[in-house]
Amino acid sequence: MPEPNATAAGIIIGAGIGLTGTIMGAQVDALMIGLISAILISFWLPTIDDRKKAAASVALSALLAGYGAPVAAGWLSGTQPELAAGSPLRLLVALGLGALCPSLVPVVIGWARRKVEAQ
């Protein structure tokens, strides 16, 4: 039985958004590392069970890694002087953002849904 998350459509959509993001100023290496880590982590997540969720998860993770990793790495190097600012820190942050985003977004959406329904 094929893995429902490992779809060609999700990979193509994620790559398309990645290419669009590079035109708009995202850093290519951070974007690709976020894309790859999101694809790999979404294989094991039970909340990602169809093609639309897989494509959205991969695309959002790639964009967050491409645009957020340089900002987060700059903030980390400013608050933690022992961390050297540079490519290894930025790419490590991109890997973490790409891996955390597919599992964190459903939690945030569920929290927001419960908060709206409680009102």
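Good morning. I begin with Ser37, which is found in helix H2; helices here are DSSP runs of H or I with at least four residues, strands are runs of E with at least two, and both are numbered from the N terminus. The structure is a predicted model, in which local features need pLDDT of at least 70 and side-chain atom pairs count only at pLDDT 80 or more, whereas totals for chains, interfaces and linings use all residues. Residues are numbered from 1 along each chain as its sequence is written, and side-chain values use heavy atoms, with hydrogens and water left out.

Let me stay with Ser37. With a relative accessible area of 7%, Ser37 is buried; buried means under 20% relative accessible area, exposed means over 50%, and partly exposed lies in between, using a 1.4 Å probe and protein chains only. Which residues does Ser37 contact, leaving aside its neighbours within four places in sequence? They are Ala94, Leu95, Gly98 and Ala99, where contact means heavy atoms within 4.5 Å.

Now the chain as a whole. The secondary structure comes to four helices and zero strands, and from the N terminus the order of elements reads α-α-α-α. Of the 119 residues in the chain, 32% are buried. Among contacts with a separation of 6 or more, 73% join residues 24 or more positions apart.

I return to helix H2, residues 28-42. H2 has 15 residues and reaches 21 Å from its first C-alpha to its last, close to the 21 Å expected at 1.5 Å a residue; the expected span is 1.5 Å times one less than the number of residues. The buried residues of H2 include Ala30, Leu31, Gly34 and Leu35, and Ala38, Ile39 and Ser42 are also among them.

At 28% relative accessibility, Ile41 counts as partly exposed. Beyond its neighbours within four places in sequence, Ile41 is in contact with Gly98, Ala99 and Pro102. Ile41 and Ala99 are 58 residues apart in sequence, yet 5.9 Å apart in space, C-alpha to C-alpha.

Next, helix H3. Ser57 lies in this helix and, at 10% relative accessibility, counts as buried. Not counting residues up to four places away in sequence, Ser57 touches Ala38, Ile48 and Pro102. The C-alpha atoms of Ser57 and Pro106 are separated by 9.5 Å, although these residues are 49 residues apart along the chain.

Gly68 also has its place in H3. Is Gly68 buried or exposed? It counts as buried, at 18% relative accessibility. Apart from neighbours within four places in sequence, Gly68 is in contact with Leu63 and Leu97. Between the C-alpha atoms of Gly68 and Val93, 25 residues apart along the chain, the separation is 8.5 Å.

Cys101 is buried, with a relative accessible area of 6%. Leaving out residues up to four places away in sequence, Cys101 touches Leu60, Ser61, Leu64 and Pro106. Cys101 and Leu64 are 37 residues apart in sequence, and their C-alpha atoms lie 8.0 Å apart.

I turn to the aromatic rings. A pair of aromatic rings is described by the distance of the centres and the angle of the planes. Rings of Phe, Tyr and Trp (for Trp, the six-membered ring) pair if their centres lie within 6.5 Å; planes under 30 degrees apart count as stacked, over 60 as edge-to-face and the rest as tilted. By this rule there is one aromatic pair. The rings of Phe43 and Trp44 have their centres 6.3 Å apart and their planes at 80°, so the pair is edge-to-face. Phe43 is partly exposed at 27% relative accessibility, while Trp44 is exposed at 64%.

Finally, the largest pocket. On a 1 Å grid over the protein atoms alone, a pocket is an open set of points with protein on both sides within 12 Å along at least five of seven lines, a cavity is a set where a 1.4 Å probe fits but cannot get out, and lining residues have an atom within 4 Å of a point. The largest pocket has a volume of about 230 Å³, a volume being the space filled by probe spheres set on the points, which are joined across faces, edges and corners. Its lining has 13 residues, of which Lys53, Pro102, Val105, Pro106 and Ile109 lie nearest the centre. Helix H3 (51-79) and helix H4 (87-118) each supply at least two lining residues, and H4 gives the most, with six. By class, the lining has eight nonpolar, three polar and two charged residues; Ala, Val, Leu, Ile, Met, Phe, Trp, Tyr, Cys and Pro count as nonpolar, Asp, Glu, Lys and Arg as charged, and the others, Gly among them, as polar.

Thank you.
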